[in-house]
Amino acid sequence: MSDAVVTMDLHPQPAAGQPKPWAFPAPDRGALGNGLTVLRCHRPGQQVVAVDISLGAPLDAEPEGLDGVATIMARALSEGTDKHSAEEFAAELERCGATLDAHADHPGVRIALEVPVSRLHKALGLLAEALRAPAFADHEVERLVRNRLDEIPHEKANPARRAAKELSKELFPAASRMSRPRQGTEETVAQIDAAAVRAFYEAHVRPATATAVIVGDLAGVDLDTVLADTLGAWTGDSAAPRPVPAITADDTGRVVIVDRPGAVQTQLLIGRIGPDRHDRQWPAQVLGTYCLGGTLTSRLDRVLREEKGYTYGVRAFTQVLRSAPDASGAAMLAISGSVDTPNTGPALRDLWQVLRTLAAEGLTDAERDAAVQNLVGVAPLKYETAASVAGTLADQVEQFLPDDFQARLYAGLAETGTVEATAAAVSAFPVDRLVTILVGDASQIEGPVRELGIGQVTVVAG
Amino acid sequence: MPMGHTATAQAGSGGLTATEHRLANGLRVVLSEDHLTPVAAVCLWYDVGSRHEVKSRTGLAHLFEHLMFQGSAQVTGNGHFELVQGAGGSLNGTTSFERTNYFETMPAHQLELALWLEADRMGSLLAALDDESMENQRDVVKNERRQRYDNVPYGTAFERLTALVYPEGHPYHHTPIGSMADLDAATLEDARAFFSTYYAPNNAVLSVVGDIDPEQTLAWIEKYFGSIPSHEGKQPPRDGVLPDLVGEQLRQEIREEVPARALMAAYRLPHDGTRECDAADLALTVLGGGESSRLHNRLVRRDQTAVAAGFGLLRLAGAPSLGWLDVKTSGGVEVPAIEAAVDEELARFAAEGPTSEEMERAQAQLEREWLDRLGTVAGRADELCRFAVLFGDPQLALTAVRRLLDITPEEVQAVAAARLRPDNRAVLVYEPLSAEETEAAGDDGSAGQTAGAAPAAESAETDDTAETDENSEPAEREGADQ
């Protein structure tokens, strides 16, 4: 270091001040007369209210051969009702300054409404109308089906999505809904019509198996009245709980190259499944996974990005697939990122070496401490907006977790030691039980990848 | 102690206030208190972006931004990231045409650390900058370029449109990511010179927003930043003045491995900071924002010729703003059919203007976007810096939404009639390769969702959330679970 370039007064690094208490917000839980569960949470200052609806309409409930019907139904909810045409509905919603997003995933359908609090009543009325009396007009469903078919080629062309599709296909048995794309394939989507959408709606959408999470600055809102006027008018029968199929996956170590001749980068996605948030090891797994690949200063990027420059960033993460009350659910454990084509072999060699070193030497206390400080410390930032709080509360509902799960997770993280975090990370990412998907130029990367000995290598068409 | 004037709450700003201060070395400071959540956002805008770059050194501002995370006199290696994240904070930096920003959101009791870190690199980066960092980050940035542009379908569309609508030699002709050749050519000496020229307290605005004690915060800012010398050697960017209209329809057809035909276009629009720009924002929202827009209704709902259709606005202060049309065709639909429909809708809009319902919807949408933007301390800090750097007055951030709501339908119609014309645009047409061509040329793929988000800024760290959903873009989902 040369003093000549430092022309400022240098001061020692300051110490932290006194932390102020913060806790993940506790919602008030109740139910409407129609059986709809309601979680409400007042967040002062959050003028944009977030409403997150979970419908008990999981993907495994889709009829055989109709993969994608949950997605089309979710989209069709806002394409016309008994009172508004599709265009009118969209216009009325936007007149409230609202956004409405609906998507179907393994645990069920989720609908997210965001709207300035001053127009909450009107927007919730529209949302209730969509849930209570969707039109499912033939021509609108046909249009949504065609639109969905048009989207599929775009998804296949995207390296990250192409990799995700291949990983699902590799990991899960063909009979499992999880082996197939969440939003269906060309073949299955083409079979969907208005009758199928209505049948799925009638079988799986009812207030008794739905939950509404409402978060924001609710100080000036008579929420009971608003709810009675809107979601309270939704009626439906009760339903027996659905059996939840077990989740199994084949994580025999192997490599699938999805060939993209001429690709300048290789998209990598390495995965297997592991425990969900019901597992006692979850806090340790969160901690260990963060230390492995949660950020730019985690082990993977320290080597692959900041030492070698092979990538803009590689991340390790967990994502809950589906949970069940009996704790038989599972999460995807994965590592993903893009590396340049010529360095694909070296990057994977280094990645495996990082995993081997982790297994052999474990995490350091300093790494564990930094991870806890980050994961716990960022909570007030992460949950500043109503939408982030609503999303997490709705996830908990959907995963059959108690309303104070996230709050207790922070305590759990703080109590998790280095040894436990190491054990969880090593058991999450064992070097011989990882399925590796590479979307890239097979003519360039196949040879170097074979030399690594990380499992049988097959090449499939892009 | 630095002095400055104090502003009070403005109607329409939701009770938010900001105070302004200036250190003796020229550093402008904006503070805004909000004690609802124990967090504090620090945001530092340097008045330098890719428009300041010179020929054969495109991408230097962004590459340099990466180097700002590689240590300074008292911060070793990746210490900047390690210390902020270890304190429970989050951080990043981004580079656009007109500015480079660095930001940390911290638990309130860790605010002083973020100020110390920003001051250390503002005043002493060159003490740590070396060849090793330069070579490493050059590779990282080249991989960023591959990941975000070169390895995705339509990935270079924005770069191509920009190059068309801002002519050769114009400071906005190239985008912040720069070219591979120029990234390869950049030297350590270039980086040093860039720092010495542009990274000075008198070329920056620092905002701190959130659960802060303003007096204490100012005292820390004075302590850590006060001794950094000002520097007057800044080169102004080349003149960005252009005629209001392109004057002809520019056109480029690309034959590439893409999943569907696409029609894209860039229009020259009024400069940011004017009523006309706000009017253009409303016009583009009515025409191509959301699910009830004219283009969505026409192309996606009625004609069913497009899978997605929309307009986005890139506001620019130092050059005409850019309106970006993006239509991906459905099935075998040909581009001329789309183009005729778009032109018909634009002409009708120019002739008739928006209906009162359309104005109400567009204003409600843009109002919510502003509430979202100002609803977090980080968003507020960034907007305060933006208005301070680009328009000299941070208070304008707190009244921006009021100005949008003040625009009349006549103004919206006027800007559409004047600007959304075929002779004021660059058109980019994508034609997929045939099967045989594909085999010869190779495949490099990905998707295009909708219009709107122009990749006009580059970040130090990937902000894509990891995801294993086959269908969703990372940004659409919650991402990794904790």
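Mentor: First a term: domain bounds here come from an automatic or database domain assignment. This is a predicted model, in which local features need pLDDT of at least 70, side-chain atom pairs count only at pLDDT 80 or more, and totals for chains, interfaces and linings use all residues. Residues are numbered from 1 along each chain as its sequence is written, with chains lettered from A and ligands numbered from 1 in the order in which they are written.

Trainee: Okay, what are the domains of chain B?
Mentor: Domain 1 of chain B covers 19-225, and domain 2 covers 250-455. Their C-alpha centres lie 28 Å apart.

Trainee: And how many residues of the two domains are in contact?
Mentor: On the domain 1 side of chain B there are 38, facing 36 of domain 2. Contact means that C-beta atoms, placed from the backbone, lie within 7 Å.

Trainee: Which elements supply the domain 1 side?
Mentor: In chain B, β2 (28-33), β3 (39-46), β5 (100-107), α5 (157-165) and β6 (204-210) each supply at least two residues to it. Helices (H or I, at least four residues) and strands (E, at least two) are DSSP runs, numbered from the N terminus. By class, that side of domain 1 of chain B has 22 nonpolar, seven polar and nine charged residues. Ala, Val, Leu, Ile, Met, Phe, Trp, Tyr, Cys and Pro count as nonpolar; Asp, Glu, Lys and Arg as charged; the others, Gly among them, as polar.

Trainee: What about the chain A side of things? How many residues of chain B touch chain A?
Mentor: 85 residues of chain B are in contact with 93 of chain A. Nine of the chain B residues come from α12(B), the largest share. Other elements giving two or more include α2 (79-86), α3 (111-124) and α4 (131-150) of chain B.

Trainee: Switching to α15 of chain B. Which of its residues are buried?
Mentor: B:V412, B:V415, B:A416 and B:R419, in a helix that spans 409-419. Buried means 20 or more other C-beta atoms within 10 Å of a residue's own; exposed means 12 or fewer, partly exposed in between, with C-beta atoms placed from the backbone.

Trainee: Why are they on the same side of α15(B)?
Mentor: Because they cover an arc of only 100 degrees around the axis. The arc is that of the directions from the helix axis to the C-beta atoms.

Trainee: What covers them?
Mentor: The cover includes β8 (262-269), α9 (275-288) and α11 (335-352) of chain B.

Trainee: Where is B:L23?
Mentor: In the loop between β1 (19-22) and β2 of chain B. B:L23 is buried, with 22 other C-beta atoms within 10 Å. Its C-alpha is 8.7 Å from that of B:I221, 198 residues apart along the chain.

Trainee: Now chain A. What's the strand order in the six-stranded sheet?
Mentor: This open sheet of chain A runs β1-β2-β6-β3-β5-β4, with mixed pairing. Two strands pair if DSSP finds at least two bridges between them. The edge strands of chain A are β1 (28-31) and β4 (99-105).

Trainee: In what sense do β2 and β6 of chain A pair?
Mentor: Parallel, over six bridges. In β6(A), A:I214 is the bridge partner of A:R40.

Trainee: Last one: how much of chain B is buried?
Mentor: 60% of its 482 residues. Chain B has 16 helices and twelve strands.
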